[in-house]
Amino acid sequence: MPHWSVYTGNSEPHDGIDRLPAPPPWRAFDGEPVVPPPGDGDDETAVSPDRVHRARAYVATPESVQLVNAALVLRRPLLVTGPPGTGKSSLAYAVARELGLGPVLRWNITSRSTLADGLYQYDPLSRLYAARQAAWRERAEAAGEEPARGAVEDHLRLGPLGTALLPHERPRALLVDEIDKSDLDLPNDLLNVLEEGQYDIPELMRAARRPAGKAGDEDATAEVLADGSDAPVVVSRGRVRCRAFPFVVLTSNGEREFPPAFLRRCVRLKLRRPGREQLTDIVRAHLDTPPGEAERLIDRFLTRAADGELATDQLLNALYLTGVTGLDAASRDELAEQLMPYLSATADGDGF
């Protein structure tokens, strides 16, 4: 492996992230106050078993290892494209597990997703709470006391993107899944945030303002909840700026084109349909299947894949189910065929 590589793709956890080379001068960030790495309660034992398995069983290609390391060193997002079932989202979990980046922060994109959804959510009912706080402030000021604060942050939680951009001591892993399903504006909206590594929370900025002459205005802070945790984090003056740029994986099924300005800010990895050797490695990593049975279904899968689109998880489903049903060979073949329907229309119009 080249000396600048920290991700190996062998799925064995290590502390290589601490040896990550310094960022390019134009990608160095200095956010404060520093947020420590996730605690002991946030390790993989707190993650759902299916995601732990996906991370452990992921089979990396030499190209994916190289480009993951390029994204880490350059502090750039990794745009991963490819057909369904090629392991695009699993890559984020595999890297996070091997490098000890903590639980993956996941943002599932839909056609209604906006940049604000990923940054933070603010409860509009907090306006009613703020009105009550205003009355308390008036009474406190009349009594010469410091006004009560904190109403806004009590009703605000950072989203996955907003949490990833906190000034973490070590990078967090963020999965922005199926970004090609987003509204046309979202990739462009992400440009500035990912380029600058920071964003503002206007509600906190307004709450941080104090009347002229009040001491401590420069240090106005708020404690807010972050995605995936019940422990509050400190935000100073309503602005969040990263320190260790997160490992950001953006996945796409290739259903649309992205703006050139967005593409040039990403490291781009295109995953291809795995061949026989890689399929065999994937099956071995996921299932304890007799070699003869696995090879037979892999052959069937590759033959069918020549006529229409299939996903690797369909092969895994077929192998698992035919292995536990106790059916005879003919019935297993029929069941496997039913478990591997085409994902897109074939030449004769069949498939779904």
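Visitor: Which residues in α11 meet Arg332, Asp333, Ala336 and Glu337 in α13?
Guide: In this predicted model, the partners on the α13 side are Arg332, Asp333, Ala336 and Glu337. The residues of this contact divide into 2 nonpolar, no polar and 7 charged. On the α11 side stand Glu293, Arg296, Leu297, Arg300 and Arg304.

Visitor: What is the handedness of the crossing in which α11 passes α13?
Guide: The two axes cross at roughly 40°. The way α11 passes α13 is right-handed.

Visitor: What is the volume of the largest pocket?
Guide: The largest pocket is lined by 35 residues. Those that lie nearest its centre are Gly85, Thr86, Gly87, Lys88 and Ser90. The volume of the largest pocket is about 830 Å³.

Visitor: Which element gives the largest share of the lining of the largest pocket?
Guide: The elements that give two or more residues to this lining are α1 (49-57), α2 (62-74), α3 (88-99), β10 (247-252), α10 (276-286) and α12 (312-324). The largest share is 5 residues, and the element that gives them is α12.

Visitor: How many residues of the lining of the largest pocket are charged?
Guide: The lining of the largest pocket consists of 35 residues. Of these, 12 are nonpolar and 15 are polar. The charged residues number 8.

Conventions:
Residues are numbered from 1 along each chain as its sequence is written. This is a predicted model: local features need pLDDT of at least 70, side-chain atom pairs count only at pLDDT 80 or more; totals for chains, interfaces and linings use all residues. Side-chain values use heavy atoms; hydrogens and water are left out. On a 1 Å grid over the protein atoms alone, a cavity is a set of points where a 1.4 Å probe fits but cannot get out, and a pocket is an open set with protein on both sides within 12 Å along at least five of seven lines; lining residues have an atom within 4 Å of a point. Grid points are joined across faces, edges and corners, and a volume is the space filled by probe spheres set on the points. Helices (H or I, at least four residues) and strands (E, at least two) are DSSP runs, numbered from the N terminus. Ala, Val, Leu, Ile, Met, Phe, Trp, Tyr, Cys and Pro count as nonpolar, Asp, Glu, Lys and Arg as charged, and the others, Gly among them, as polar. Axes are lines fitted to C-alpha atoms, for helices over the stretch in contact, and angles run from 0 to 180 degrees between N-to-C directions. A crossing is left-handed if the near helix is turned anticlockwise from the far one by less than a right angle, and right-handed if clockwise. Contact means heavy atoms within 4.5 Å.
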